[in-house]
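Take a look at the model below.

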Amino acid sequence: MADEIDALKSREVFELVELPKNRKTIKGRWVYDIKSDGRKRARFVAKGFSQVEGIDFEALFSPVVRYESVRFVFALAALFGWYMTAVDVKTAFLYGKLDEEIYMEQPEGFIAKGQERKVYRLHRAIYGLKQAARAWWLELEKSVRKLGFKRLHSDSGIFLYRDNEGVVVMVAYVDDIIFFGLKVLADQKKMEFMRVWECRDLGTPTEFLSMTIQYDGNMIKLDQTKYLEKVLERFGMANAKPAWTPMVEGYYPAKHEGPNNAVLTHKYQSVIGSLLYLMLGTRPDIAYAVTKMAQHCANPTEEHLQKALYIMKYLAGTRKYTLVFEGRKGLGQGLESYTDSDYAQDPTHRLSQTGNLVLLASGAVSWKSYTQKSIATSLTEAEYMALSDCAKQVIWLRILLKELGIPMQVPVPIYVDNQGAIFNASNPVQERRTKHIDVRYHLIRQYVENEDVALFYIPTDDNPADIFTKPLGRVKFELFRKSLGLVFH
């Protein structure tokens, strides 16, 4: 606690002043934590919920790197054998400068003697303030620009440095930073960065965004086993009997119209929230099941809760699975994408379920399972809409590649198991059966015409995107799971 107060003083975060008339203070509290390496941490944080918009804050938005962008850069690192090194910025939010006039109560246990009635006037951001993350990000961007980095337009959490010696890719998630590139150049830019900010040098990263990283210079493995173990323990599922799949084949959860059970709803939302974090990070195999069950968070039943816990039974039996990006072995494989859709199989609303998957270095870098916004009148229409959405994701990844200065493959293959969807996307004709389709889905035709993407037919039984559209049986599920780059270790 004393170290935290010293850090606040050394960075001139506050000054003791008399509280002006007609101004209110923001309350604060102490928060304690034990880090993964055993370090004990105390933070004095603001109770940001007491801030008043227009007085204590204006803009709040602060960009962070997307999960799919992080996996994409890891896949590139495996392909090109990039060196990785990481830093953790100490008390990062304390560097952010405030434009607003904010007053805060003195922290418990450290009230200045003889100045008990005075308050902190904050000059820099402090953890808990609504605008703290934005203030830090603005300072970070300014500083790395001076070091020669350029922020990518396709993802504001990725910065690129380029000179005659090579390139360095910097990935930033708040105060966690990883540098990728040639060893000499990456170490040089890291040292320059550390001269600007007080950091802990983490060396070769072993963890990022709660993902454990294993890297041997050729193959990168990502997993969230530590987090998963905590989740299973928290919900009493650590010793549960394993399930073979995350959802029973053919099961579709029904909407509950009855009264809401507050206790059940709170527990259900906690379970789903934990599962979503795993699904977004390294477990594409549970994407369909979690997405479907998440649609019932507002008013779940006991049956919904049991099905959500059933997903945890599956995870308990597959806790050792890792997402693998292969280096030399995957070098011949550029971006490749798969898309699929069911046709109105959910009896609740008759909306179709879309799934798409993008692979690089033999591993999944992007995946999505979601319910379409409008009812499709045929399987071809549902597949066509899914194909268009998948193409948008592929184009975004191509833009990311272009900004990184990496030669792009043209066109990127997209595999779909519906010949009608391929025909409609490849031929700009308006038929009686397709004239009503929203114009935004016809963007796929432009991508095909410009040769940004190429469409190929794949049999349904060979299409791994099928795992995102319906609850599959064990044999088919395990076959497609392997296609995602998930491997037991």
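## Terms and model

Buried means under 20% relative accessible area, exposed means over 50%, and partly exposed lies in between (1.4 Å probe, protein chains only). By that rule Glu4 is buried, at 1% relative accessibility.

This is a predicted model, where local features need pLDDT of at least 70, side-chain atom pairs count only at pLDDT 80 or more, and totals for chains, interfaces and linings use all residues. Residues are numbered from 1 along each chain as its sequence is written, and side-chain values use heavy atoms, leaving out hydrogens and water.

## Salt bridges

A salt bridge is a side-chain nitrogen of Lys or Arg within 4 Å of a carboxyl oxygen of Asp or Glu. The count comes to 21. Helices (H or I, at least four residues) and strands (E, at least two) are DSSP runs, numbered from the N terminus.

Glu4 pairs with Arg41 (3.6 Å, N to O). Glu4 sits in helix H1 and Arg41 in strand S3, so the bridge ties together parts 37 residues apart in sequence.

Arg23 and Glu101 also form a salt bridge (3.9 Å, N to O). Arg23 is in the loop between strands S1 and S2, Glu101 is in strand S5, and 78 residues separate them. Arg23 is partly exposed at 21%. Glu101 is partly exposed at 34%.

## Within a helix

Glu141 and Arg145 meet at 3.1 Å, N to O. They are four residues apart in helix H3, about one helical turn. Glu141 is buried at 11%, whereas Arg145 is partly exposed at 46%.

## A network

Salt bridges link Asp461, Asp466, Lys470 and Lys476 in a network.
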